[in-house]
Amino acid sequence: MLWLGPMNPFESGVRRVVLVTHGLDMVRGRREFHAAGIETIAAPTHIARWGIDHPIELLPTASALHGSSLALYEMLGNLAFTLGLNRA
């Protein structure tokens with residue numbers, strides 16, 4: 001996530017932001033901002049499409065492996081947030 005404002009958004013009184021991120025990151029990103037007291041307006045850049053149009057899509061591909069790694073990363077990030085492991 002990219003923040004283009006001051007180093008601490010509270011210094012300028014920011015209380016609401018437009019969160020532009022990959023659709024897979026949106027849930028975790030919104031939770032992180034909410035925990036910091038900042039309201040978000042979701043603007044996902046990519047929303048995963050679910051479904052199979054042809055049986056050949058069931059074969060393993062490099063892009064599917066990449067998608068699986070992104071999903072696993074987000075699941076672990078959400079678990080860490082739930083367990084409170086993201087706090088310094």
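Q: Why are H1 and H2 described as roughly parallel to each other?
A: In this predicted model, where local features need pLDDT of at least 70 and side-chain atom pairs count only at pLDDT 80 or more, totals for chains, interfaces and linings use all residues. H1 and helix H2 (residues 62-83) pack at an angle of about 25 degrees with their axes 9 Å apart, where axes are lines fitted to C-alpha atoms, for helices over the stretch in contact, and angles run from 0 to 180 degrees between N-to-C directions. Angles under 35 degrees count as roughly parallel, over 145 as roughly antiparallel, 65 to 115 as roughly perpendicular and the rest as oblique, and H1 and H2 are therefore roughly parallel.

Q: What makes up the meeting of H1 and H2?
A: From H1, Val27, Arg28, Arg31, Glu32 and Ala35 are in contact with Tyr73, Glu74, Gly77, Asn78, Phe81 and Thr82 of H2, contact meaning heavy atoms within 4.5 Å. Ala35 and Phe81 are 46 residues apart in sequence, and their C-alpha atoms are 9.8 Å apart in space.

Q: Why is Ala35 counted as exposed?
A: Buried means under 20% relative accessible area, exposed over 50%, and partly exposed in between (1.4 Å probe, protein chains only). Ala35, which lies in helix H1, has 55% relative accessibility and therefore counts as exposed.

Q: What does the side chain of Thr40 make a polar contact with?
A: The partner is the side chain of Arg30, at 2.8 Å; the term requires a pair of N or O atoms within 3.5 Å, and within protein one must be able to donate a hydrogen and the other to accept it, while residues adjacent in sequence count only if both atoms are side-chain atoms. Leaving aside neighbours within four places in sequence, Thr40 is in contact with Val17, Leu19, Arg30 and Phe33.

Q: Which residues make up the largest nonpolar core?
A: A nonpolar core is a set of buried Ala, Val, Leu, Ile, Met, Phe, Trp, Tyr and Cys residues joined through side-chain atoms within 4.5 Å, and the largest here holds six residues, Val14, Val17, Leu19, Met26, Phe33 and Ile38. Strand S1 (16-21) and helix H1 (26-35) each supply at least two residues of this core. Residues are numbered from 1 along each chain as its sequence is written, and side-chain values use heavy atoms, with hydrogens and water left out.

Q: What pattern does the chain follow along the sequence?
A: The pattern is β-α-β-α, with helices (H or I, at least four residues) and strands (E, at least two) taken as DSSP runs numbered from the N terminus.
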